[in-house]
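The sequence and the structure are shown below.

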Amino acid sequence: MLNFSAMDYKVLLVAQSVNGKPPSFVQSQSDQLKKQGLNVEFFLLKSRKNPLTIIRQGRQLIKTIKSFTPHVVHVHYGSMTSLFVFLFSSKKYFITFHGSDLNRVASLSSLHNWLNRLFSNVSTWRAQKVFVVSSKLKDRLYWGRRKSTVLPMGVDAERFQPMDKERCI
């Protein structure tokens with residue numbers, strides 16, 4: 001059990017919105033942190049593609065950080081999500097890379113894959129800590145490798161590998 005007084009340590013979890021909710025594993029992490037007595041709030045990105053929406057969301061993140069005053073911001077996923085925090089967060093932050101943010105995704109163009117990896121790596125510059133779910137992901141980091149830690153999240157990278165959608169069926 002962590003040694004925190006109830007609700008005195010604040011964590012802002014940033015993730016992409018899935019139908020207006022956080023991804024299930026981010027919700028699970030929030031639930032566990034709350035059980036440890038931490039005060040947790042979400043900031044969910046509604047869009048990672050529309051520049052005007054990203055700017056509006058950036059302003060909202062700045063307001064959220066000012067009003068909630070988190071001790072740390074923890075962003076789940078790299079690519080545009082972590083770059084968003086890199087650009088708009090005034091607080092120290094952690095990043096957890098889950099796979100598609102650093103690995104090639106068969107359904108995406110080469111440019112899109114390259115941008116995902118570039119954005120992910122750039123966002124490590126100001127990150128206080130970087131978590132990756134496998135050692136293979138750690139090897140795909142250019143700049144954040146020294147401050148990264150492998151925290152497996154139950155996916156067997158030998159068994160589950162990126163491939164074309166048609167081959168998966």
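A residue is called buried under 20% relative accessible area and exposed over 50%, and partly exposed in between. The model discussed here is predicted. Tyr142, with a relative accessible area of 45%, is therefore partly exposed. Trp125, at 48%, is also partly exposed, and Trp143 is partly exposed at 43%.

**Aromatic pairs**

A pair of aromatic rings is described by the distance of the centres and the angle of the planes. Rings pair if their centres lie within 6.5 Å, and planes over 60 degrees apart count as edge-to-face. By this rule the model holds seven aromatic pairs. In one of them, the rings of Trp125 and Trp143 have centres 5.2 Å apart and planes at 65 degrees, so this pair is edge-to-face. Trp125 belongs to the loop between helix H4 (110-123) and strand S5 (129-132), while Trp143 belongs to the loop between helix H5 (135-139) and strand S6 (148-150); the pair therefore ties together parts that are 18 residues apart in sequence. Trp143 also forms an edge-to-face pair with Tyr142. The values of these two pairs are as follows.

| Pair | Centre to centre | Angle between planes |
|---|---|---|
| Trp125 and Trp143 | 5.2 Å | 65 degrees |
| Tyr142 and Trp143 | 5.5 Å | 70 degrees |

Ring pairs link Trp125, Tyr142 and Trp143, together with Phe86, into a cluster.

**Charges over rings**

Elsewhere, Lys10 lies over the face of Phe68, at 5.5 Å from the ring centre.

**Helix H3 and Thr81**

Phe86 is one of the buried residues of H3, and the others are Ser79, Met80, Thr81, Ser82, Leu83, Phe84 and Val85. Because eight of the ten residues of helix H3 (residues 79-88) are buried, the helix is largely enclosed by the rest of the structure. The cover over these buried residues includes strands S1 (10-16), S2 (39-45), S3 (72-76) and S4 (93-97), as well as helix H2 (51-68) and H4.

Within H3, Thr81 is buried, with a relative accessible area of 0%. Leaving aside residues up to four places away in sequence, Thr81 touches Val14, Ala15, Gln16, Leu45, Arg48, Val75 and His76. Thr81 and Ser120 are 39 residues apart in sequence, and their C-alpha atoms are 8.5 Å apart in space.

Key. Residues numbered from 1 in each chain as written. Predicted model: local features only at pLDDT ≥ 70, side-chain atom pairs only at ≥ 80, totals over all residues. Heavy atoms only, no water. Phe/Tyr/Trp six-rings, centres within 6.5 Å; stacked < 30°, edge-to-face > 60°. Helix = DSSP H or I, 4+ residues; strand = E, 2+ residues; numbered from the N terminus. Buried < 20%, exposed > 50% of the residue type's maximum accessible area, 1.4 Å probe, protein only. Lys NZ or Arg CZ within 6 Å of the ring centre and 35° of its normal. Contact = heavy atoms within 4.5 Å.
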